[in-house]
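Thanks for coming. I have one model to go through, and I will keep to a few local features.

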Amino acid sequence: MSPMNPRQRFYLVEVLSGLALTAAHFFRNMGLHLAHALGRKTARGAVTIQYPEERRPYSPRLRSLHRLVRREDGSPRCVACMMCETVCPARCIYIVAAEHPNPEIEKVPARFDIDLGKCVFCGYCVEACPEDAIRMDTGILEFSSYSRDGMIYTKEMLLALEPAGRDGRPTSPVPIPADRRP
């Protein structure tokens with residue numbers, strides 16, 4: 001480690017240069033915001049998204065709310081193999097298996113619940129599924145509830161969701177829990 005010179009030892013020059021840089025950005029953005037507020041619409045200050053009026057474009061690979069995929073006959077593609085439940089680090093998936101009426105398909109989930117209050121949206125469940133029955137491509141990022149029970153999404157709720165459009169916007173409405181009024 002080399003010894004510090006007197007300029008570096010007092011930190012005064014470094015502190016003043018940092019303050020000058022911060023002040024330059026502040027006054028430049030303040031001037032642009034003021035120009036925008038006074039009618040010059042092409043002047044935009046700092047990159048600020050005026051949420052919820054403006055939405056940021058999201059990557060198509062973004063992991064959003066889960067959905068269950070259906071077969072051609074409308075039944076869930078899930079065969080209740082418990083792989084997603086096993087691999088989930090948050091232990092937020094709960095599956096109860098039942099016999100499928102079709103003898104070619106061994107099992108079907110009688111119950112498939114995801115507790116989104118516990119979910120960390122890691123995507124391990126999607127990667128572990130051998131049947132490609134669960135996906136995180138709905139584009140829905142805004143869901144809430146007033147209770148913990150409202151964050152548990154059932155099989156019926158997950159089957160009702162559709163994939164997001166090409167622009168990444170949701171095509172299905174956000175499922176509203178029973179304890180929440182629209």
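I will take the aromatic pairs, then one aspartate.

This is a predicted model, in which local features need pLDDT of at least 70 and side-chain atom pairs count only at pLDDT 80 or more, while totals for chains, interfaces and linings use all residues. Residues are numbered from 1 along each chain as its sequence is written, and side-chain values use heavy atoms, with hydrogens and water left out.

Rings of Phe, Tyr and Trp (its six-membered ring) pair if their centres lie within 6.5 Å; planes under 30 degrees apart are stacked, over 60 edge-to-face, the rest tilted. That rule gives three aromatic pairs. The centres of F26 and F27 are 5.1 Å apart with planes at 75°, so this pair is edge-to-face. F121 and F143 have centres 6.0 Å apart and planes at 35°, so they are tilted. F121 and F143 are 22 residues apart. F121, F143 and Y153 form one aromatic cluster.

On accessibility, buried means under 20% relative accessible area, exposed over 50%, and partly exposed in between, with a 1.4 Å probe and protein chains only. F27 is exposed at 57%, F121 is partly exposed at 22%, and F143 is buried at 16%.

Now D115. Which side chain of opposite charge is nearest to D115? It is K118, at 4.4 Å, and D115 is buried with no salt bridge; a salt bridge needs a side-chain nitrogen of Lys or Arg within 4 Å of a carboxyl oxygen of Asp or Glu. The D115 side chain does reach the backbone nitrogen of G117, at 3.1 Å.

Key: Lys, Arg positive; Asp, Glu negative; His and termini not counted. Polar contact = N/O pair within 3.5 Å; in protein donor to acceptor, adjacent residues only side chain to side chain. Helix = DSSP H or I, 4+ residues; strand = E, 2+ residues; numbered from the N terminus.
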